[in-house]
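User: I want to go through this model and ask what stands behind each label. Can you take me through it step by step?

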Amino acid sequence: MQTHDKTRQRLNPDDRRRMIVEGAVSYFAEVGLGGSTRDLAHRIGITQPLLFKYFATKADLAEAVFESVYLDRLDPSWPTLLCDRAKPVRERLTAFYHAYSDAIFTYEWMRIFMFAGLAGERLNRRYLDHVRDMLLKPAQNEILWEANAAEGAGPDMEDMFNLHGGIVYLGIRRFIYQLPVPADTGPVIDRAIDRFLLHWGVGITRR
């Protein structure tokens with residue numbers, strides 16, 4: 001125990017905070033957001049008072065987990081990619097969803113997202129609002145533009161969430177239901193996007 005205390009003292013505050021957040025991500029992915037801060041502190045080898053020195057409340061810690069698991073994995077270049085009309089919309093959508101699935105198809109992301117949703121956590125609603133405003137709305141506008149669709153003739157936001165949710169479900173099957181999923185999900189994602197675009201009258205152009 002004495003050696004462990006000395007190890008703690010060698011960490012600067014930023015490293016200590018990062019260590020707590022990383023430990024919390026792993027812990028909550030395993031047991032859900034209902035897990036206790038006492039058990040979390042014991043698992044990562046610190047005292048509960050030290051944990052609360054860095055995060056005054058469990059809600060503050062959950063916010064840090066939210067940023068680490070959700071927001072930090074969102075590439076700020078994705079809205080620009082989706083709106084780049086120098087490329088066909090199919091090319092933009094497939095590039096985005098390949099990158100997005102690479103970012104979120106992890107044990108931690110999927111399990112924390114599901115646990116948070118079951119618990120009614122506002123963090124999930126905030127994340128989905130962010131996805132809608134920053135990613136799905138631009139994608140929807142670009143599909144409408146390329147299809148030259150009249151207002152109301154193209155996909156609405158429910159349609160966009162159906163496409164998005166179908167792709168995310170590949171990760172849910174792998175990490176929540178532990179069902180077999182292709183090792184390379186890229187072709188599956190490509191076909192889902194092709195079917196979606198063809199339904200809305202958008203031609204498929206491959207390079």
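Analyst: Let's start with a definition: the expected span of a helix is 1.5 Å times one less than its number of residues. Keep in mind that this is a predicted model.

User: What makes the span of helix H2 close to the expected one?

Analyst: Helix H2 covers residues 13-31, which is 19 residues. The expected span is 27 Å, and the helix reaches 26 Å from its first C-alpha to its last.

User: Which residues of H2 are buried?

Analyst: Among them are Arg 16, Ile 20, Val 21, Tyr 27 and Phe 28. Gly 23, Ala 24, Val 25 and Ala 29 are buried too.

User: How many helices and strands does the chain have?

Analyst: There are 11 helices and zero strands. The C-alpha atoms fill a box of roughly 70 × 30 × 30 Å along the principal axes. Of the 207 residues, 43% count as buried.

User: Why is the pair of Tyr 70 and Phe 113 called edge-to-face?

Analyst: Two values settle it. The ring centres are 5.8 Å apart, and rings pair if their centres lie within 6.5 Å. The planes stand at 70°, and over 60 counts as edge-to-face, so the label applies. The structure holds 15 aromatic pairs.

User: What makes this pair a tie between parts of the chain?

Analyst: Tyr 70 lies in the loop between helix H5 (58-69) and helix H6 (78-82). Phe 113 lies in helix H8 (residues 107-118).

User: How do you know whether Tyr 70 and Phe 113 are buried or exposed?

Analyst: Buried means under 20% relative accessible area. Tyr 70 has 2%, so Tyr 70 is buried. Phe 113 has 14%, so Phe 113 counts as buried as well.

User: Which residues do ring pairs link into a cluster?

Analyst: The cluster is made of Phe 66, Tyr 70, Trp 109, Phe 113 and Tyr 127. Beyond four places in sequence, Trp 109 touches residues including Tyr 70, Tyr 100, Tyr 127 and Val 168.

User: Which residues touch the most other members of the largest nonpolar core?

Analyst: They are Tyr 97, Tyr 100, Trp 109 and Tyr 127, in a core of 59 residues. Helix H10 (residues 157-175) gives the most to this core, with eight residues.

User: Is Thr 37 buried or exposed, and what does its side chain contact?

Analyst: Thr 37 lies in helix H3 (residues 37-44). Its relative accessible area is 9%, under the 20% cut-off, so Thr 37 is buried. Its side chain makes a polar contact with the side chain of Gln 48 at 2.7 Å. Beyond its neighbours within four places in sequence, Thr 37 is in contact with Gln 48, Leu 51, Phe 52 and Lys 58.

User: Why is Gln 178 called exposed?

Analyst: Exposed means over 50% relative accessible area. Gln 178 has 64%, so Gln 178 counts as exposed. Gln 178 is found in the loop between H10 and helix H11 (186-199). Its phi is near 55°, a positive value in a residue other than glycine.

Terms used: Residues numbered from 1 in each chain as written. Predicted model: local features only at pLDDT ≥ 70, side-chain atom pairs only at ≥ 80, totals over all residues. Heavy atoms only, no water. Core = buried A, V, L, I, M, F, W, Y, C linked by side-chain atoms within 4.5 Å. Buried < 20%, exposed > 50% of the residue type's maximum accessible area, 1.4 Å probe, protein only. Helix = DSSP H or I, 4+ residues; strand = E, 2+ residues; numbered from the N terminus. Contact = heavy atoms within 4.5 Å. Phe/Tyr/Trp six-rings, centres within 6.5 Å; stacked < 30°, edge-to-face > 60°. Polar contact = N/O pair within 3.5 Å; in protein donor to acceptor, adjacent residues only side chain to side chain.
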